[in-house]
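Please look over the sequence and the structure shown below before reading on.

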Amino acid sequence: KYGAALEIWTTLQQHSNASTHPFLQCLALATALELADPLLEFHQEDIFIDPMQRYLHYEQAWLFGELDPAFETLSVWELRCVINSAAPNDQLAWGREMLCNYRPDHMLLEDKWRYCRIVRTDVFYRSLPSPPKDFKQILSGGGECGPRAQMARFACKAFGIPTWGVRQPKHAAIARWTEKGWVICLGYEMKDSYW
């Protein structure tokens, strides 16, 4: 999808602050590369993440100091693992506000559970009659390993921490970036994981 990536890149250069800061250049490149292949919003059949709006969302959150301090140290590849959140931008903003107000203790953790610990403390493990339609429903209604892993990825990506989904034998978990390297949360070790 090189042509689509180049179109997105050109648009971002013309209609954003991407050219004003080296980090924003990396963020724009990550956005163009990741969203050149359209990404559906969480549990939607015909609504896609808008590349320009996604870039602007993270640019604004970074400029306002809402993201993890490590966000501006990430590589383009790592930024792609943030940009590709299936959550709509308004839900990402809600996730940051909710965690700051409801569970500020999770934001101060110095280990792999920063942000995503909300799954262990507030997302109950239980079967649901139908899949959740958004992340607020996961928080209020719980779910089995799939929805819980989706909520953990959502919480990390809302604050600019890269994640990728992990499949394990009869289980779903997440891999997340830390300053010490990638680690698995909510599951077995990396050697037992695939995507």
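Predicted model: local features only at pLDDT ≥ 70, side-chain atom pairs only at ≥ 80, totals over all residues.

**The chain as a whole**

The protein chain contains 9 helices and 3 strands, and, read from the N terminus on, its elements follow the order α-α-α-α-α-α-α-α-α-β-β-β. A compact globule of 195 residues would have a radius of gyration near 16 Å, and the protein chain, with 16 Å, agrees with this. Taken along the principal axes, the box that the C-alpha atoms of the protein chain fill is roughly 45 × 35 × 35 Å. Of the 195 residues in the protein chain, 49% are buried.

Two packed helices are described by the angle between their axes and the distance between the axes.

| Helix pair | Distance between axes | Crossing angle |
|---|---|---|
| α1 (residues 2-15) and α3 | within 10 Å | roughly 50° |
| α2 (residues 22-34) and α3 | within 10 Å | roughly 150° |
| α3 (residues 51-63) and α5 (residues 89-102) | within 10 Å | roughly 20° |

How are α2 and α3 oriented to each other? Their axes cross at roughly 150°, and α2 and α3 are therefore roughly antiparallel to each other. In this pair, α2 passes α3 in a right-handed crossing. On the side of α2 the contact involves Phe23, Leu24, Leu27, Ala28 and Thr31, while α3 contributes Pro51, Tyr55, Tyr58, Glu59 and Trp62. Sorted by class, the residues of this contact are 8 nonpolar, 1 polar and 1 charged.

For α1 and α3, the crossing angle of roughly 50° means that the two helices are oblique to each other. The crossing of α1 and α3 is right-handed. Here Ile8, Thr11, Leu12 and His15 of α1 make the contact with Pro51, Met52 and Tyr55 of α3, and the residues involved divide into 5 nonpolar, 2 polar and no charged.

The axes of α3 and α5 cross at roughly 20°, and these two helices are therefore roughly parallel to each other. Again the crossing is right-handed, with α3 passing α5. In α3, the residues Gln53, Arg54, His57, Tyr58 and Ala61 meet Asn89, Leu92, Ala93 and Arg96 in α5, and by class this contact has 4 nonpolar, 3 polar and 2 charged residues.

Gly187 lies in the segment after β3 (181-185). Is Gly187 buried, exposed or partly exposed? Because its relative accessibility is 39%, Gly187 counts as partly exposed. Apart from its neighbours within four places in sequence, Gly187 is in contact with Gln168, His171 and Ala173. Although Gly187 and Ala173 are 14 residues apart along the chain, their C-alpha atoms are separated by 5.2 Å.

Technical notes
Residues numbered from 1 in each chain as written. Heavy atoms only, no water. Axes fitted to C-alpha atoms, helices over the stretch in contact; angles between N-to-C directions. Helix = DSSP H or I, 4+ residues; strand = E, 2+ residues; numbered from the N terminus. Parallel < 35°, antiparallel > 145°, perpendicular 65-115°, else oblique. Left-handed = near helix turned anticlockwise from the far one by under 90°. Contact = heavy atoms within 4.5 Å. Nonpolar A, V, L, I, M, F, W, Y, C, P; charged D, E, K, R; others polar. Rg over C-alpha atoms; globule rule 2.2 N^0.38 Å. Buried < 20%, exposed > 50% of the residue type's maximum accessible area, 1.4 Å probe, protein only.
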